[in-house]
Amino acid sequence: MCLLLVPGLAWSSADSLRPYRALSGISVLADGGEHAMRSTTSVAIDSRGRVWIGGYRRLLRLDGMQVHSYPGQRTPQLPEGYIRSLLPLGNGDMLIGANREGVLHWELASGQLVPLTVQGGQRLTRINDLVAGRAGGAWIAAEQGLFYWPGGASRTLQPVNALAGLPSLSPRVFSVLDASDGSLWVAAHNGLYRRRPGGKALLPVRSGQPVLDRRLAEESVWVLAEDGRGRVWAGLVRSGVVVIDGDQAFAPAGLDGTQGLHQGRTIRSLLWDRQRMWLGTDGRGLLACERDCRQAAVVTVNLAAYEGQRNFHVRELARAADGRIWAASDRGVFHFDPDARGIYELDVTPPGMDPHQRFNAVRSLLHDGQQRLWLGREAGELMRWDLASGQRSIVYLPPPLDASAVNALGTDGSGKLWVAGSGVAWVDPDSLQVRPAGELGQQARSQVNHMAVGDERAWLGYHDGLVEVDAQGRILRQMLSTADTGLRTTHIVALAEQGRWLWAGTPEGLHRIDLQQWRAEPLALLANPSAEQRERVDQITGLAVDGQRLWVGTAVGVFQVDVATGAVQAVASTQGLRVHSLQVGADRRLWFSASPATIGVIDSAGQVQLYRARDGVNDGRGFHRGAVQRLPGGQLLFGTGIGVLAVDPARLPASPLPVPDLTPVITGLQIDAQRWPEGRLPQRGQGLSLQPEQQRLLVAFSALPAMEPERRQHAFMLEGHDPDWITLEPGVAPMALYGKLPPGRYTLALRVGSDETPGRHWTSRYPLEVLPAWYQRRWVHVAVIAGLILAVALLLRARDRIALRRQRQLEQLVTRRTNELQQANTQLAALAGEDALTGLYNRRRLFQHLNELIAQGQQHWRPHSLVLLDLDHFKQINDSYGHVVGDAVLRQVAARLQQALRAQDMAARYGGEELLLLLPDTTQAAALELAERLRQAIATMRVRCDPVQLSVTASFGVAQLQPGQSAEQWIERADLALYRAKRQGRNQVCADTAMG
C-alpha cells in the first residue's frame, strides 16, 4: 500500500503505523435530512467564506449551520442537468456553469441568478470549466468552444476564435489555464494548446518526448492546473498526468500511462496546496504528489457519513481559508485536514474489501508484542494485522461468538489469545485455529462486556455476573448475584487487576474485590452526591491502573483513586465529558477518549489537554468503551465506529488548536413576506429599521467556521424587549423571530457558544429601530389626551346621572358579551381542530390530516412516520398533586414538542396523556432519532407549577406508513411499539418491527 506522507515531519523506521494512515473526510449534507446530497459535482468557497455545492438539479450554499438552496422562491428555476463548475468572484458573486443551461451569474447585490448570453445568439451546453482571468473577467470552456466574459455588469460572453483554423475533431474545450507567466493554456478535444505572453495564436504544446507528446495530441486533457513552481499539470482522460516544466515534460511515477494508480480513469480535478498536488479521479478516489511531484501516492480517505459504492469519484477540489480542503464526490461533499498532526485515522479495511465500501467498527484492540495488532469487530469478526508486512487476516468466529461483536481481547502467560463476546474462545496467534476456552467456553452465558487476562488467571465481566477462571479455562469462582457478594449489580462493564485487588466498574458504581476473600466492596467517587449526580457518576465506563493509582472513567469525567488511602479526586477539567476508554501512556500520562469527540491527556500535575476535531478527532460514529491499546513505540490506538484513531504523543503539539472565531453573522433576513437580497444584509454593528406597517421580523444567523457545528449553542435576545437570552435547541438552524414589536429603539444580540469552551460566548449586536405610525407619535398622543380630558369634563358636568346609568348598563352588556365571546371562542377552537388545554391539534383534525396524507401517498409514494408517546405514571401525578399540576405537565410537554418540530410536522393530543407526532417525508430511522432526542429532552425537563417541581418521562412508539394501510392501522402499529416500550421499563423508544 502506498499512502500520502505529511510534509515537514521526519518519520523514523520505527513508525509502524506510517503506511496505514488515512485522511478523515468529514461529510456534510449527508445525514438523510432535508438538504442531504449523496452525489455532488462541484464545490467552491467564495470571498466571504461560504461554501457552494453543486449537484444534479441542485445548488446549495453553506453558511455555517444555515443551508441556502438556489434557486429559491425569487430566483429562476434551474432546468435539468448538473452544476458542472463554480467560480467565485472577488465581489462575492458566483459564476455557475451548468450541464444544459450555459453560464449563470449569481449576483450578491440582488440575490438573483442571471443567464449570460453569447454574442450571435449561440446556445451553450456542458460548461466544462470556469477560470478567473488574471486581467479580470473569466474564461469559459464549453462544448461549443472557448469563450470569455469581461466581468462587471456585462451579460454577454465573447467567443474566442484563437482555435479557428487548427485541426479539430470538434469545438469542445475541457479546461483553461491563465498561467502566472501570462500564457494561456487551452485543453481542447484533440490536444493541448498554448498562447505565449504577447502572442495571438494558440499553438500545439510539444515537449520533444514522443510518448508524452502523442498523449497530449491524441488524448483529451480534462483538467489543467499550475503548481507552486510554475509547472503546468495536464490531467488526461485515460493516461494519467503530464507535467510541463518549461520546454520539458514528465509523467509522475504512478500516473504514467493507463496502468498507473488511477487505473486508466480520468483525472477530474487538480489542486495545488503548499508542497503537494492533489488529484481527484473518476473512480479511483484521491491521489497526491509530494514536493517535486515525481511519485504519486494513493490517499486513503475515511468517510464516516455512510457506506459508499466500490468506485470513488472525486470531481472537484477547493481549499478554504482555514487550510482545509473540500471535495465534491459521488459520496457527497466532504472536507479534510491536509496536514494532520499527531492524531490521525488508520485504514483498517479487511482483506478483499474496498476502504470506501463499508464501516469498520472496532470494538476491542490488542497488541501481542509480536508486531501484530488484533482487532475485535462486529458479528464475531477478528482481524489479525501484521504491522510490519501489512498482511491482514480475518477470522470468522463460530457460534455463539458470531452473534455479537468481539468486546474483549487478552493474552495469557502461554501466549494464547482470549476472545470474548457472545461467548469465549481461544485463538492460536499463528495458525488462527479457534477452540473453546475450556470449561468456560462450553457454557452458554450472557454477553461478555470486558475481560482482564493475567498469566495464570482471567476474569470476565458479563451482563449478569463476574467469573474467575484459570489458564485452562476451568471456572474457579463466580459472583452471579448481589446477595452476599457486596456487588450493587452484577452488570460488569470494566475490569482491572491490581495485585490482591480486582477493580470492577458497573453502571451502579465502582467496586473493589478482594481476591483472597472473593468479596466486593463499593467505593463512592463523590461524598454525599445528589440523586442526579449519583446516577451519572456511578456509570463507570473505563479503568486504568498506574502503580498505586487507579484512574476511573465515568459518564461525567475522570476520577483518580489512591489505592493505599482510598482517597478520591475528580479531575476538574474533564467534568461533563462522557469517558469511554482509559490508557496510561509510556510517559505515565493518562490518555482517554470521550464524547463529544474528544481525546484527552492528564499529566502528573493534573493538567488536562483536550484535543478535538480541529486536531484530528472526528466523530467517527463514536468511541467504543474499553477499546484502547498502547503500542511499544508509544502510540495509542482508540477503537471507533469506523475504525481506529491513532495518537502519536511524540508528534502531537503540546497545546490543541484554539477554537476559531465563532462570532455570528446574519445570513438571512425577512421582513413580513419580503426576503432581503443578500447584498443588503446588515454587517456586524450595522442597524436596520422597521416601518410602522411592517409586522414580522425573521433573522437567520450562524457562525461561519465549518468544523463541529453540532457542538455549538445558539441564543438571541432583543435588548429592550426580552428579559433574558432565548436559547435554541441543539441542531436547530438558528433563527430569531419577532412579530408586532412596539415602536422604539432596540438592539438585536446574537450569541454562539461551544461546549469546548464552557462559559465563553461570541456575540454580535445590530441596532434595531421600530418606527411609530403617525397616530403613535407624541404630539398626537398629547392632543388626543387633552381633547379627551375636556370632553369628559363637559360630559360629567352636563349629563352626570345619565352617564352613570349608561355606564352600568354598558358594564352589564360588556360582561354578557364577554361571556358569549368566550363561549364562541371555545366552540371555534373545537371546530378549528385545536385542543383547548395543550394548544395542539385534536383528534378530529389529526385524522383529517392523516387521511389526506395517506390519500396523497396513493399517487406519489413517499416515506411518512408517526410517533405516539405516553407520559409515564401520569395517573400518579394527578393522584398525588391534583389535576392542576397534571394539566401543567401536559402543557409544558406539548410546548417542548412544538419547539422541536419542523413547519410541516404536526403534533396532536390523541387522548388523555397520549400525544401523537405526524412527520411527513420522514423515514422510520429519522423518526427514531427525533423520538430519542425528545425522550431525553422530556426526561431532563423540570416542570414547575407552584409550589410543585417535578420531573416526568415518556415512552415512545414509532411507525412508518406502509402502502395500503389506513390511518387506524398505522396508529395501531405505533401503539404496539409504544406498548412494547412500556412493557420493557418505560422511558424509552421502540420502533414498529414490521419495518425492521
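The questions and answers below concern selected helices and strands.

This is a predicted model, in which local features need pLDDT of at least 70 and side-chain atom pairs count only at pLDDT 80 or more, while totals for chains, interfaces and linings use all residues. Residues are numbered from 1 along each chain as its sequence is written, and side-chain values use heavy atoms, with hydrogens and water left out.

Q: Why is Glu852 called partly exposed?
A: Buried means under 20% relative accessible area and exposed over 50%, with partly exposed in between (1.4 Å probe, protein chains only). Glu852 has a relative accessible area of 38%, so Glu852 is partly exposed. This residue is found in helix α6 (residues 843-859); helices are DSSP runs of H or I with at least four residues, strands are runs of E with at least two, and both are numbered from the N terminus.

Q: Why are α6 and α10 called roughly perpendicular?
A: The axes of α6 and helix α10 (residues 967-983) come within 10 Å and cross at roughly 105°. Axes are lines fitted to C-alpha atoms, for helices over the stretch in contact, and angles run from 0 to 180 degrees between N-to-C directions. Angles under 35 degrees count as roughly parallel, over 145 as roughly antiparallel, 65 to 115 as roughly perpendicular and the rest as oblique. The two helices, α6 and α10, are therefore roughly perpendicular to each other.

Q: How do you know that strand β61 and β64 pair?
A: Two strands pair if DSSP finds at least two bridges between them. Strand β61 (residues 696-702) and β64 have five bridges, in the antiparallel sense.
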